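Dear colleague,

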Amino acid sequence: MPRLLRSSAALLLLLTASATTPPSDDVSCTPLTDLQQRMPTWVGSVPYSHLVNKSWSYPTDCSGFVSWALQLGRDAKAYEYASDALSTRIATDDLRYGDVITHVFDKTPLDRCSKMDLDDDGAADSAQGLPDEGVGIVGDLVGDLGHVSGHVFFFDKWDDEATKSSFWAYESTETQDQTEACLAQKGLLTRSACLNHYVLKSRDTPDKWRRENCSDPKYGSVSGGPRRLLPAILCPQ
C-alpha cells in the first residue's frame, strides 16, 4: 500500500477510535485530602463578605467558602448546593466529613417554599405549603435576583458517634452561632468581625432544615438539610 494511503488509513482509524472511545474516568473532582487541607484555612482569620476577595478569588460568604474549599472554579450559591445538580439528599445519621448542610428559604412574597412531611428514613412524602420560618430572619439581601435564598456549610464530624446529637462544622456566616461583636455589625456587604469559624452545632439544625423545599427557576426543586456532593465535585471517599 502506498505510504500516503497507509497514512490516511491510520488517521481514519485514529479519528474513529477517538469518536467511539468513552471519556476517561478521570474527572476534575477535588480530592478529599485537598479539602482537608483547605477547609481549616479561613478559621478565625477570614471575615464574612459578599465581595470577591483578591487573595482567595472568591467571596468570603457561606457559599464562597464552600466553593473555594472545593476549588469549584466559580462561586456556586447556597441554593445551588441544595439542588440535585451539585448534591444529593442524605439522612442526618449518614453525615460524614465533606458533606454539606443547606438551608433554603424565600424572602420575597412569591411563596416558593414549603415544608415537607418526612418518613422515618427522612424521605419526602409530600409538601404542605407552610411558610418557611427563615423568611426575613436568616440570610442577606444580596444574592442572585430571581432565586431563593440560602445558607450552606461543611460537616466535619460527630461530637459523639454513639449519640450523634451534635457535630462540628466549618462555616462562614454573619448570623449562625456567631459572636456578639459580629452580630452587632450591620454592614450590608462585609462584616469584619464575623470570622469564619469551626463550631459545635446541634443535630436539630439539619433535622429542621431537611424539611425545606423550594421552587427555583433554574434548578426546579431545591431542598435543605444534609446533602452529599456529587462525585464529579468531591472525589468519592
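Asp177 is partly exposed, with a relative accessible area of 44%, where buried means under 20% relative accessible area, exposed means over 50% and partly exposed lies in between (1.4 Å probe, protein chains only). The model is a predicted one, in which local features need pLDDT of at least 70 and side-chain atom pairs count only at pLDDT 80 or more, whereas totals for chains, interfaces and linings use all residues. Residues are numbered from 1 along each chain as its sequence is written, and side-chain values use heavy atoms, with hydrogens and water left out.

Salt bridges

The side chain of Asp177 meets that of Lys201 in a salt bridge at 2.4 Å, N to O, the term being used for a side-chain nitrogen of Lys or Arg within 4 Å of a carboxyl oxygen of Asp or Glu. Because Asp177 lies in the loop between β7 (166-171) and α5 (180-184) while Lys201 lies in strand β9 (residues 197-202), the pair ties together parts that are 24 residues apart in sequence; helices (H or I, at least four residues) and strands (E, at least two) are DSSP runs, numbered from the N terminus. Lys201, for its part, is buried, with a relative accessible area of 4%.

The structure holds eleven salt bridges, and one of them joins the side chains of Arg227 and Asp84, at 2.9 Å from N to O. This pair links distant parts of the chain, since Arg227 is in strand β12 (residues 225-229) and Asp84 is in the loop between α4 and β2 (87-89), 143 residues apart. Arg227 is buried at a relative accessible area of 1%, whereas Asp84 is exposed at 56%.

The side chains of Arg203 and Asp207 also meet in a salt bridge, at 3.0 Å from N to O, and both residues belong to a network of salt bridges that links Asp93, Arg203, Asp207 and Arg210. Arg203 is buried, with a relative accessible area of 18%, while Asp207 is partly exposed, with a value of 24%.

The nonpolar cores

Which residues touch the most other members of the largest nonpolar core? Of its 24 residues, they are Leu35, Val66, Leu70, Tyr81 and Phe154, a nonpolar core being a set of buried Ala, Val, Leu, Ile, Met, Phe, Trp, Tyr and Cys residues joined through side-chain atoms within 4.5 Å. At least two residues of this core come from each of α2 (32-38), α3, α4 (78-81) and β6 (149-158), and α3 gives the most, with six residues. Apart from this core lies another, of nine residues, among them Ile101, Phe167, Ala169 and Trp209.

Helix α3 is mostly covered, with nine of its nine residues buried; among these are Phe65, Val66, Trp68 and Leu70. Just after α3, Gln71 takes a positive phi of about 50°.

Leu35 lies in helix α2 and counts as buried, at 0% relative accessibility. When its neighbours within four places in sequence are left aside, Leu35 is in contact (heavy atoms within 4.5 Å) with Thr30, Ala69, Leu70, Tyr97, Gly98, Phe154 and Leu234. The C-alpha atoms of Leu35 and Leu70 are separated by 6.3 Å, although the two residues are 35 residues apart along the chain.

A strand pair and a surface patch

Strand β10 (residues 212-216) is largely enclosed by the rest of the structure, because four of its five residues are buried. It runs antiparallel to strand β11 (residues 220-223), and four bridges join the two, where strands are said to pair if DSSP finds at least two bridges between them. A hairpin of three residues connects β10 to β11, and Asn213 stands opposite Ser223 in β11.

Leu51 is placed in the loop between β1 (47-49) and α3 (62-70), and is partly exposed, with a relative accessible area of 45%.

With best regards
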